[in-house]
Amino acid sequence: MKNGPLVSIITPSYNSARFLSEAVASVLNQTYRNWEMLIVDDGSTDDTLLLARRYEEKDKRIKVFALDPSSGGPAIPRNYGMRQAKGSYIAFLDSDDMWFAEKLQKQVDLMEKSKDVFLLYSQCIVEKDGRQCSIKPANPKKGCIFNDLLYGNIIACNTVMIRNNKDDNAYFFDEDKKLVAVEDYAMWLSIASKEQISFIKEPLAVYRIHLGGISSSAFVNFKKSGLVIRRFRHLVSKLTWLKVQINFYMKLGFVGIMVSLIKIKNFIMKNAPDKQKIAALCKLSFIIATVDRDEQLQQCINSIEEAHQFRKDISIEILIIIQNAKKNKNIKIRYPEFTYIYQINDRGLSVSRNFAIEKSTGDYLVFLDDDATVKMDFIDELTKKILAYPKINAFCGKLLDIDQHTPFSVLFKNNSIKKLRRIDYQYFMGSAHVLSRRVIEKIGMYDSRFGVGSACYGGSEETDMFFRLKAQRELVLYLPGLIFYHPIPEMRPENVYDYSYSIGAVFVKNAAKDRLFFFIYFVVACKIILKALIRILQQVILAIFNIQYKKEYKYSFVLKGLLAGIINYIRGKKQTVETLKGKFNSQDGKTRA
């Protein structure tokens, strides 16, 4: 395959002349042809560099770099090669290892299909002094494997393919000489703490253990692995860290067992109150209201379950509220012990959420649309912030487009924690926000007149809740590390009008109750009206000169909807969703006629 994305193969070499030919031959034999091989020689004293230069002359895809003097380990040569890499993907092959012919083809195919996967690995055949010993890992893991990886490195470097994200904060191997031979383990842990990992359960490479190789001393590498996992201690709970330590020390025999017992005793003595504190503060209830979007709902549930895998020590529950479903749900549940499904006949998003609030038992409630998902470290991030800000009762996070993972709007490019003011209401999105139970008991549940599917105002239930929080002098925190994903909605005219109509009603309702800050609501409404008028005027001028306006947003419906919502709420007149839909359907009919 020549038309696929370029793969950069990084091969560090040091005094490996007797193995290099087989490594290069395994690359030349790949069925996937669009690759470049970057051989970085680390000050070899044998014929390794000379042999590499010969391959460079024969095939333009092979490029050789020489470092002098030797760095003493593969981390610096690998990092040098990664900085020179031009490919969309990076694969690693040590000069004494080999690949099977379809290795690159199978990995590229899977990476192209699974855009959320950052690192892909496979099983490998382990050879010791020329004899096959085993196939590792026996039980590969995928998804959020950070905690699993702390118990031992199951990823062989010569099986790995990663995305080459040069524009972002790229991952590199740790160049600390104390970590020679386990620098790859440190990198995999760093990636696993933030990214999705997957695997192919078949051997695609041969990993060689031979006399003189840096991986040949098992005991020395065991001790170095202990240094690696200590660097990631801050990312896990104390209970998880205790389990990791016990797993580590138990490998040392009788002495390790005694050390493990002492560790358990100290943990019970020091941290039992802390464990109770976490259990008391951090039970999370995920509330999802849905109608007939089974595929999106399944993705939403899966993302919560993946986040739970990342922090199993945090207690959660998932409440799925199905409104007026027209067909039976075929949803796969991984954790039926804490997933609850309810069917109700009442209409409206706010009605469904209020029903779930009464059924829930969590101390903090996470409200999600059925087409929203969360990042795998969501529970971990939220729990840390709850413990860091115990007096904050309302949180919202960064909302990203579910397909492109780009900010939902300009607001969400903000990467700083922010205490929200009334004018920042657009941060508090209905598709994803968090409220404590105590604040709901204080200010009340959602106003059932607002929200998608309600009989009065088809949206803005979260904006109403936000203004009510502010009226009660509650702090609302924007957390950029709390990642939600949601598709960008199609802004049809009726959607624009309906949202603007409900926003207008929310402004009037809360301005009347929050009288001390009446002026802010007035200014925000005027700002929206002024912006709509300017945009309408701009579109009229461009239309006069036959210039097509690229951003087709229905600002006339923003203006009409906002003013209608304000006026009708003041007059006490209710415009039902059915009336609204009928109005737009009749307009469409006239246009077509």
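R421 is partly exposed, at 48% relative accessible area; that label covers values between buried (under 20%) and exposed (over 50%), with a 1.4 Å probe and protein chains only. Its side chain meets that of D424 in a salt bridge, 3.4 Å from N to O. A salt bridge here is a side-chain nitrogen of Lys or Arg within 4 Å of a carboxyl oxygen of Asp or Glu. D424 counts as buried, at 9%. Elsewhere, shared partners join D447, R449, D464, R468 and K509 into one salt-bridge network.

This is a predicted model: local features need pLDDT of at least 70, side-chain atom pairs count only at pLDDT 80 or more, and totals for chains, interfaces and linings use all residues. Residues are numbered from 1 along each chain as its sequence is written, and side-chain values use heavy atoms, leaving out hydrogens and water.

The count of salt bridges comes to 30. One of them pairs D94 with R78, with the closest N and O atoms 3.0 Å apart. R78 is buried at 2%, and D94 is buried at 18%. Another joins E381 and K385 at 2.9 Å.

Now the nonpolar cores. Such a core is a set of buried Ala, Val, Leu, Ile, Met, Phe, Trp, Tyr and Cys residues joined through side-chain atoms within 4.5 Å. The largest has 83 residues, of which F286, L368, F378 and L435 touch the most other members. A second, separate core holds 45 residues, including I145 and F146. F286 has contacts (heavy atoms within 4.5 Å) that include I304, L319 and F378, not counting residues up to four places away in sequence.
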